[in-house]
Amino acid sequence: MVVNSVFLLKTFKAYVIIVSNRKGKEILKMQNGKLGVMLDCSRNAVMKPEQIKKFVDYISAFGYNMLELYTEDTLETVDEPYFGYMRGRYTAAEIKDIDEYCKSKGVELIPCIQTLAHLGCIFRWGDYEKIRDVNDILLIGEERTYAFIENIFTSLERNFTSRTVNIGMDEAHMVGLGKYLDKHGYRDRFGLLKEHLERVISIAKEHGFKPVMWSDMFFRLAAHGDYYGNVKGAAEFLKDKVPEGVGLTYWDYYHTEKRTYDQMNKEHKALDGDSWFAGGAWTWHGFAPFNAWTMKTMRPAMLSAKDHGVNNILITMWGDNGKECSFYSVLPSLYFIAETYRGETSLRKIKENFNEITGENFDAFMKLDLPNRINGNRDNFNPCKYMLYNDLLTGIYDVYVPAGTAAEYKKHAAAIKRAGKNSKFKYIFECLYRLCDLLAVKSELGKKIRAAYNSGDKEELRKLVAEIKKCEVKLDRFYPCFAEVWKRENKPFGFEVQDARLGGLKRRLITVRERLTEYLDGKADNIPELEETLLKHDELTLASDGVWTRIVSANNV
C-alpha cells in the first residue's frame, strides 16, 4: 500500500515509520507510540493460540504494533490452581509462544488483567470468597488479596516480554460497601481506591512493570457516578488523588460527536500527559458485528486523539455475555480505525487498500452487520439476539418487533449468503446467513401467535404450529454453523453455555408447539401467558440487552 509519507510524518511527527507488509506493500506503523487491539478472552471464549497468531498477521499488516489479551482469570498463575479452573486458561507455554510470534511480527504483547473488579468467576471457589468485598470486587486491605495479585505478577513476569501491563480497575462501583464495610466501617472511597492502587503499583514495580489502568473509577467518583458527563475541571480535582506511577486510559465506544472525546482527552492529558485512549470495535452485542456503528463512533474518536496528541491507542474487542461474535468480523473496522488515525480521509482508498491487503472485499464484509439492521436500525441495538431468544409465549420483546421484520430477515439471509461466497471467512457468513434464515420465520412468530389466540382464530393457530416446527428445523441448521465458528476460533471451554442456551431454545420451541396443540385439541382451557398485556421497556434497556438472562425470561434465571 503506497502512502504519502511526507504528509503523515508532518501530521504525526515521529509517531510513524514506513515498513513493508506481508504483501510487499508499504504501510505505516507507530514509532514512539502504540496502536493496538485488545481481545477479550474472558467471556467464555478463549481464542486458540493459532488463531491469535492469524489475527496478529492481519493487524500487523494493518499497521498495529500492540496486542492486549484481556484475561480476567484465563491465565495460568503460580500457586493459584483455581484461577481460571475449567475456563480454558492460557498456559505459560502458550503465552510464551504467542509472545514470540507477536515479536516476530513487530507487535508487542501486553497483559491485560484485573486487580480489583470483574473477577466474578473466581468467587465461586471457596478460597477466593474470603477475599470478596461485594459482587465481583476484591476485598481491599486483606493480605491474601495482595498475595493473590503478587502471584499474578510473578506469572506475568515469567511469560510476557513486555513490561507494560493493563491492571484494569474499572467499574468497581460498590468498592468498600460489602465485606469491607462490615469489617472496617465506611471509608472515603477515593482514599480506599488510592490505597489499593498504591499497593498494586508497588507490586507491579517490584516485577519491573509499568501499569496503566482504566480511568473511569476516578472520574466517576469525581462526577458522582457519571463518566462522560460534565468533566470540566476533573483533572484539577483529581491531581492529588491519583497516585504516581500509573497511566490512565480514557475508554469510550459510544459517542458520535467529537466534542465529547475532546473534553475527555483534554482532562486526561492535563492529569496524565501520557494518557491512553481506548475505543471499541463492536463485537460484544450478540452474534453479529457492528462495523458501521464502530466507524461512526471511532472516526471522531481518532480525530480527537490526533488533535490532542494521544500517542497510545487501544481498540477493545469485548465479548460480553458469552462472546457469540467472531473477532474477524470487524476486520474492516480495524483497518478503518488505523487509517483514520493515520490521516486518511477517503473511504474509497480505505476500501481499496483493505481489499488488497486482505484479499477480502470490504463491502461484502459489511454485510455481516445485517442481522442487526432491522427497521432502519443504524445504531447499537441488537435485534438478532433478542429476537432469537425472545420467548414465543411471554414475548417480552414482541413490542419491539415491527411488521415486516421477517421479510427483512429473508432478504438479509440472501444478501449475506451471496456476500460470503468467495471469502476465506465463508464459515462466518454461513453462520449469520443461517441465523437470518431462522429469524425470517421466528422473529414475528410470537406476535402472530398472540394475535391469533386473542382473536380466537384457531385455524390460524394451527398454521402457526407448523411454523414453529419450521423454526426447529432452521435452528438445527443454525446450530452447527455457530458451533463451527466457535470450534475454529476458540478453545472448547465455554461452549457448554451456548449448548445450554440454544438447546434450551430448541426444547422451548417444542414445549410451545405442544401446549398450543393441547389448547387446539381442547386439552387445555387457555394459555395464560398470551392473555397478559405486553408492556414496553425503555430504549436504554433495549439497547443494553445483549444479556441472555434478561432476554429469555422475566423470571429468575
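This is a predicted model: local features need pLDDT of at least 70, side-chain atom pairs count only at pLDDT 80 or more; totals for chains, interfaces and linings use all residues.

Student: Let's start with strand 4: how many of its residues are buried?

Tutor: Strand 4 spans residues 66-70. In a regular strand, side chains alternate between the two faces of the sheet. Here one side carries Met66, Glu68 and Tyr70, the other carries Leu67 and Leu69, and both faces are covered.

Student: Which residue stands opposite Leu69, and in which strand pairing?

Tutor: Strand 3 (residues 34-40) runs parallel to strand 4, and five bridges join them. The chain gets from strand 3 to strand 4 through helix 2 (residues 49-62), in a right-handed β-α-β crossover. Within the pairing of strand 3 with strand 4, the residue opposite Leu69 is Leu39.

Student: And what stands opposite Glu68 in strand 5?

Tutor: Strand 4 is also joined to strand 5 (residues 108-112) by five bridges, again running parallel. This time the chain crosses through helix 3 (residues 92-104), and that β-α-β crossover is right-handed too. Opposite Glu68 you'll find Ile110.

Student: Is Asp99 buried or exposed?

Tutor: Asp99 sits in helix 3. Leaving out residues up to four places away in sequence, it touches Leu109, Asn159, Phe160, Thr161 and Ser162. Its relative accessible area is 3%, and the cut-off for buried is under 20%, so Asp99 counts as buried.

Student: How far apart in space are Asp99 and Thr249?

Tutor: Along the sequence, Asp99 and Thr249 are 150 residues apart. In space, going C-alpha to C-alpha, the distance is 23 Å.

Student: What about Asp437: which residues does it contact, beyond its neighbours within four places in sequence?

Tutor: Asp437 belongs to helix 17 (residues 426-442). Its relative accessible area is 16%, so with a cut-off of under 20% Asp437 is buried. Setting those sequence neighbours aside, its contacts are Ala413 and Lys474.

Student: Last one: at what angle do helix 5 and helix 7 pack?

Tutor: Helix 5 covers residues 143-159, helix 7 covers residues 189-206, and their axes are 10 Å apart. Helix 5 brings Glu143, Thr145, Tyr146, Ile149, Glu150 and Phe153 to the contact, while helix 7 brings His196, Arg199, Val200, Ile203, Ala204 and Glu206. By class, that's six nonpolar, two polar and four charged residues. The crossing is right-handed, and the packing angle is about 35 degrees.

Notes: Residues are numbered from 1 along each chain as its sequence is written. Side-chain values use heavy atoms; hydrogens and water are left out. Axes are lines fitted to C-alpha atoms, for helices over the stretch in contact, and angles run from 0 to 180 degrees between N-to-C directions. Helices (H or I, at least four residues) and strands (E, at least two) are DSSP runs, numbered from the N terminus. A crossing is left-handed if the near helix is turned anticlockwise from the far one by less than a right angle, and right-handed if clockwise. Contact means heavy atoms within 4.5 Å. Ala, Val, Leu, Ile, Met, Phe, Trp, Tyr, Cys and Pro count as nonpolar, Asp, Glu, Lys and Arg as charged, and the others, Gly among them, as polar. Buried means under 20% relative accessible area, exposed over 50%, partly exposed in between (1.4 Å probe, protein chains only). Two strands pair if DSSP finds at least two bridges between them. A crossover is right-handed if, with the strands pointing away from the viewer, the path from the first strand over the helix to the second runs clockwise.
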